[in-house]
Each structure stands twice: as structure tokens, then as C-alpha cells.
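Reader: I would like to learn how to read backbone angles and nonpolar cores. Please show me the model and take the features one by one.

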Amino acid sequence: MFLLVHSAKLVNSDYICTMKSGLFYFKKFSVSHSQSSMKVGVDGVLIGAWAGRGGVRMLDVGTGCGLIALMLAQRFPSAGIDAIDIDSASVAEAKENIERSPWGDRVCVMQSPFSSLYEECSECYDLIVSNPPYFDSGVNDFSSARNIARHKGSLSPETLLACSSHMLRDKGRLSMIFPSEYFSKLRLMAPLCGMSLDRATYVKDGYGSVAKRVMAEFIKKESESSCADADMTMTDEVPTLVMFEDDRQPTDEYRRLCGDFYLKF
């Protein structure tokens with residue numbers, strides 16, 4: 001993960017999100033991450049700000065301290081959000097962060113493995129969002145999403161894509177941020193899982209940097225046959241978000257994306 005463990009000091013000597021008394025302060029909420037396995041990080045803020053087009057029920061998979069769930073609650077005032085994590089300390093801290101926020105009545109934090117929720121939830125969600133761990137799940141046969149969900153350590157981008165069709169309503173969306181080397185594999189895999197790529201954005205630190213991350217949003221089609229014609233084909237150009245100018249000031253595009261959250265934007 002790309003973490004802000006250095007007190008979120010990203011732009012000269014200013015804080016994008018100010019840390020005080022152990023809390024990271026955003027514009028409308030604050031987050032503690034001292035106990036969570038998933039810290040406050042650039043990747044989480046990016047996907048939390050970029051994901052989704054609306055909906056009434058959403059899921060944050062691997063919530064950690066609850067950052068993405070809080071961002072979704074701020075962005076979508078009518079949505080109910082479930083947030084899951086297998087780590088008990090993360091769940092406890094996420095609950096504290098949610099309770100301290102203005103949206104405690106709309107966010108439910110649960111300690112649950114992804115496999116258990118997969119078994120229980122069929123066509124439950126309009127949007128699933130995750131900043132998943134970066135590792136290969138070791139699963140190459142995607143013919144059984146149920147087996148993939150049960151695979152040891154199975155919170156990889158491939159697993160989320162393979163299992164989301166079962167958990168999403170028609171035209172529901174899965175949004176993830178992951179290393180760019182995963183992208184081609186996931187694009188090819190999506191139609192096999194009843195999904196298709198709807199939009200994507202490469203992320204670069206600066207204009208001269210390599211795009212090491214990509215944000216991608218996959219959509220569940222209403223029928224398997226419609227998945228054959230992906231909304232975004234392999235030949236479509238993928239846009240790029242550059243975060244910083246040469247003087248390390250945020251670009252205008254980065255400000256537009258995250259301006260509702262970062263204090264100094």
C-alpha cells in the first residue's frame with residue numbers, strides 16, 4: 001500500500017490532512033488509524049473520491065480504519081454502507097471513527113471474512129469498493145466464484161472481480177485501485193465473471209513518473225451476452241491522473257477529485 005504514515009506531509013510543509021491528537025482531520029470527518037491494519041493512505045483517498053455513480057447500498061471491503069466507508073457516506077447522502085474487515089482491531093477502530101462522524105446511522109462495520117459475506121449476500125449492492133492487498137491469490141481457475149471466495153488469503157483484485165457479480169445488482173459497480181501490472185489480466189478476466197470494464201484511470205505521482213497504479217470500475221451487465229461488448233474496449237485510451245506539478249503542488253485535476261476531503265485543497 002502507499003501509506004501516509006509520515007503524518008500526511010505531501011505538499012511542501014503543509015498537511016493535506018492535518019494530524020492532531022492521533023487523528024487525521026479531513027474537511028468533514030476525522031480518522032484514527034493507530035490500531036488498524038489499513039492505514040490512512042493516498043490510495044484509499046483516491047478510490048474513495050473516484051468510485052461509483054450513486055446507489056442506495058454500498059460495501060467497503062477491507063475497510064481498515066473506515067476511511068473509504070466515510071468518504072462514501074459523505075459523497076452519497078442517501079446510501080447505506082456496509083464495511084467489513086477480518087481484523088478485530090481494525091473493526092473496533094473503524095467503529096470508533098464512524099461513531100465520531102456525522103454518518104454513524106448509515107455505516108455498519110462488521111468483522112467478517114469476504115467469503116462469509118459472499119455466501120450471505122446475493123445481488124445486495126449497488127457499489128462495492130476496495131483498496132485490496134497487492135498479491136496474487138494463486139487462483140487461476142475462475143469457473144467457481146464460490147471456491148475463489150473461500151481461497152486462503154483471498155482478498156486479491158482477481159477475487160473481488162470474480163465474486164462481485166454475485167453480490168451486485170444489475171448494473172452494479174465494483175471499484176478498485178491496484179498496481180498497473182494487474183490491469184491487463186483483470187480486463188481480460190472481467191467478461192468471464194459477468195462483468196465488463198466501464199472506466200479506468202492511471203495514476204502518476206508526477207508528469208515524469210511511471211503510472212504505477214490504476215483505478216478501475218467494472219459494471220455488472222444485465223445478461224451474460226451483453227458482457228461480451230465491454231463499455232471500455234482494449235483499444236480505448238485510458239486517461240491518466242497526475243497528482244503533482246514539478247514543484248510538488250497538487251495539479252488542478254487532483255484538486256478537483258479530492259478537494260471535498262483534503263483540508264489544504
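Reader: In which strand does Lys 171 lie?

Author: This is a predicted model, where local features need pLDDT of at least 70, side-chain atom pairs count only at pLDDT 80 or more, and totals for chains, interfaces and linings use all residues. Residues are numbered from 1 along each chain as its sequence is written, and side-chain values use heavy atoms, with hydrogens and water left out. Helices (H or I, at least four residues) and strands (E, at least two) are DSSP runs, numbered from the N terminus. Lys 171 belongs to strand β10, residues 168–179. Its phi is positive, about 70°, although Lys 171 is not a glycine.

Reader: Is Lys 171 buried or exposed?

Author: Buried means under 20% relative accessible area, exposed over 50%, partly exposed in between (1.4 Å probe, protein chains only). Lys 171 has 53% relative accessibility, so it counts as exposed.

Reader: Where does Arg 248 lie?

Author: In the loop between β13 and α8. Arg 248 also has a positive phi, near 75°. At 33% relative accessibility, Arg 248 counts as partly exposed.

Reader: How many residues has the largest nonpolar core?

Author: Such a core is a set of buried Ala, Val, Leu, Ile, Met, Phe, Trp, Tyr and Cys residues joined through side-chain atoms within 4.5 Å. The largest here has 45 residues. Phe 26, Leu 67 and Tyr 254 are among those with the most contacts inside it. Helix α2 (67–75) is one of the elements that each supply at least two residues of this core. α2 gives the most, seven residues. Apart from this core lies another, of 33 residues, including Leu 117 and Met 189.
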